[in-house]
Amino acid sequence: MTDFPIVIGTAGHVDHGKTTLIRTLTGVDTDRLEEEKRRGLTIDLGFAPFTLPSARTASVVDVPGHEKFLKNMLAGVPGMDLVLLVVAADDGVMPQTREHLDILRLLRVQKGIVVVTKTDLVDPELLELAIEDIAGALAGTFLEGAPVVSVSAPTGEGIDRLLATIDAVAGETQPRDAAAPFRLPIDRVFVKQGFGTVITGTLFAGTLSEGDAVSILPTGVTSRVRGLQVHGGKRDRAVAGQRVAVNLVGLERADLGRGDWILPPGALSPAETIDVWLELLPGSPVLAHRTRIRLHHGTAEVIGRVALLDREELAPGEGAFAQLLLEGPVVADFGDRFVLRLYAPMATIGGGTVVNPVSHRLRRRQPATLEALGHAREGRWVDLAGARLQEAGTTGLTRAELAARLPRSEVEHAIEALLASGTATVRGDRLVHRSARGQQEGQVLAAIAQGHHAVPWRLGVPREAIQATTQVPLKALTPVLEALAQGGELKAIGRLWAQSDWQARRSAEQAWAMETIAERLESGRFVSEADLLADLPVPPTVARDLLDDRIESGLAAKLGQGMFASAAALRSAQDQLRAHLSREGTVTASQARDLLDTNRKAIIPLLEYLDSQGFTRRQGDARILASN
Ligand code: GDP
Ligand code: MG
């Protein structure tokens, strides 16, 4: 497949003939600004359509060579698939030839051709020397061994050969991913009379169609595509690798600018802290921790500082994990390339890969942190997901929270793999790492053992007491308890939890008190707490624990207003009331009191308790069966 759209860019020192070459190849003068014309100098990016001899269509991005406008050049490179590195035969390799070459390399432009211009100004001997000089500069770069074509604009010499070479090398480029979600970095914004706001850019990935809902990031403004053009021709859709002009609905000129991204709503998030693998150029000065830099990513430039995560300084030619602490938001994705320049003096010092596009200030020199960044750098997404889950500790992460820490395309597979390997388990709506799971279970078991020791007379430990002694969040506690019960390690008695072989250990007094409470509950039908717990040989708190054990094990119920009943007494009261109600339809409080042969103090708590249990329902002054 060699008919996908590609972008061909220029690079090279100022005045070496880039703009002239593009005019010769395409017939378009890319120096469109008035100031550019006046000064005979490219200041900003220039664009032209370009039909190759094979009839394949391409776009050209012409960049400024002057070092003062390097920031504009940097906005043009990320869209390039193939670069024409222009070197004037009479001048040879100059500072921006090298700096542009570094930038092309750092941003991973795929392919290139070296174009030696102004051959009409030198004799063959000098041309030969210039070409040797160039080959030396390209050694060890992606352009080592790239085709070298010598041309002259005024004479037209070499132009046909260059066209044929461009066609051939274009055939070796790989297409951009047209199936991915669309990603468009804005390089120009203008207002067109009768249309409104129009932006231009190179579609990095995906397909953009008329009517698509879009999000402008980092601002988060949303809009819709009203119309699309590719090189002045109206289109219904544009695909990755095309230069597009997009007319957006309802936006003001001030809503957006170079550096912003057009993305599907919700696709990526802006962040002021990103984690990167940073490589310093061999010619860079040593980079100290917290050095002020300019980040160039997509078409954006953002100022910030470099925080080196495992050292105090980075030597030229070396790489390290770092955080970029930025003064404004960037919208990056995993694996994005970027360039760093010093804040001052403005020199290109290096670049690298985004390993975590949305981060927060990290503690330095943390082995676990560096290991996770290593997983991201090497594309070990399952390991990265595992590390993120482990970081989340006992609380774990929801699927959505974990998804936000991974490349979108990897989320499903990573979660599946973690569950299949047992690295993660599902706890309610959260995923928890195995190590945290062991930790949580250990904490819960310890809390229960401690509870048994503290209150050995009880049947088990109340949930609230377990929660109070563990660090396990409440929403995570129930699933842990249930898992342990399922595994046979715990048993549940109402709200109480106990080791599965746990037996209450009661002193003779406590055993006597428990028996007395049981007897009082069974004999008197509705008993007050005062009557139940009077004259027992144990402290009141222990007596209350014993009564609570009885309730939690389902042998008694608390009615309210300090009244209690045995389960048997409750059942018999319910039987009598049901018989009465199915005969008469309703019962008043005084009828119920007489029917159950009890007193005013007991009947109201009993009826309210039965209401709360869904047995009866109030209707005016009386009650009916709730199921009616
Ligand atoms: P850029 O800064 O790299 O874009 O360079 P330009 O295209 O603006 O060219 C700089 C100057 O070099 C202009 O005056 C051009 O006319 C001149 N120039 C460009 N190409 C050639 C060439 O092949 N031969 C000669 N003699 N002059 C050239
Ligand atoms: Mg120019």
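1. Strand β12 and strand β13 (residues 233-235) pair in the antiparallel sense over 3 bridges. Strands here are DSSP runs of E of at least two residues, and helices are runs of H or I of at least four, numbered from the N terminus; two strands pair if DSSP finds at least two bridges between them. Leucine 228 stands opposite arginine 235 in β13. In this hairpin, with 2 residues between the strands, histidine 231 has a positive phi near 45°.

2. This is a predicted model, in which local features need pLDDT of at least 70 and side-chain atom pairs pLDDT 80 or more, while totals for chains, interfaces and linings use all residues. Residues are numbered from 1 along each chain as written, chains are lettered from A and ligands numbered from 1 in written order, and side-chain values use heavy atoms, without hydrogens and water.

3. β12 (residues 221-230) also pairs in the antiparallel sense with β11 (residues 213-217), over 4 bridges. Serine 215 faces threonine 222 there.

4. Threonine 19 lies in helix α1 (residues 18-26), and threonine 42 lies in the loop between α2 (34-39) and β2 (46-51). Both threonines are buried, that is, under 20% relative accessible area (1.4 Å probe, protein chains only).

Notes:
Buried means under 20% relative accessible area, exposed over 50%, partly exposed in between (1.4 Å probe, protein chains only).
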